[in-house]
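Student: I am new to this structure and would like to go through it step by step. Could we look at it together?
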Amino acid sequence: MTPGQRVRVKTASNLARRKDAAAGETATVLCCYTVRGRSNERIDVKYASQAVLWGVSADEFEPVEGADLPIAS
């Protein structure tokens, strides 16, 4: 994943099972990184509602295609 990329929570992910997860909403990737000692990539994402998720596994998200989507700022 890359900063600025549009993503949404995968329906089969652990994050989608949480009540407070924004199911179906798209978000913008703020940054991507790997934490020492962990094998998977982590991302910070921001939703249009200004909610931010920090340090979530990139495996929980899928890319969203479409140029007509608003970018969270």
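Student: Which residue is the bridge partner of Thr28 in S3?
Tutor: The partner of Thr28 in S3 is Lys46. This is a predicted model, in which local features need pLDDT of at least 70, side-chain atom pairs count only at pLDDT 80 or more, and totals for chains, interfaces and linings use all residues. Residues are numbered from 1 along each chain as its sequence is written, and side-chain values use heavy atoms, with hydrogens and water left out.

Student: How many bridges join S2 to S3?
Tutor: Seven bridges join S2 to strand S3 (residues 41-47), and the two run antiparallel. Strands pair here if DSSP finds at least two bridges between them.

Student: What is the bridge partner of Val7 in S5?
Tutor: Val7 has Pro63 as its bridge partner in S5. S1 and strand S5 (residues 61-63) are antiparallel, with three bridges joining them.

Student: What is the order of the strands in the sheet?
Tutor: The order is S4-S3-S2-S1-S5, an open sheet of five strands with antiparallel pairing. From one strand to the next, the twist averages 45°, taken between N-to-C directions on a scale from 0 to 180 degrees, with axes as lines fitted to C-alpha atoms.

Student: How many helices are there?
Tutor: The protein has zero helices and five strands. Helices (H or I, at least four residues) and strands (E, at least two) are DSSP runs, numbered from the N terminus.

Student: Changing topic, how many disulfides does the search find?
Tutor: It finds zero in the whole structure; a disulfide is a pair of cysteine sulfur atoms within 2.5 Å.

Student: What are the relative accessibilities of Cys31 and Cys32?
Tutor: Cys31 is partly exposed at 27%, and Cys32 is partly exposed at 24%. Buried means under 20% relative accessible area, exposed over 50%, and partly exposed in between (1.4 Å probe, protein chains only).

Student: What share of the protein is buried?
Tutor: Buried residues make up 33% of its 73 residues.
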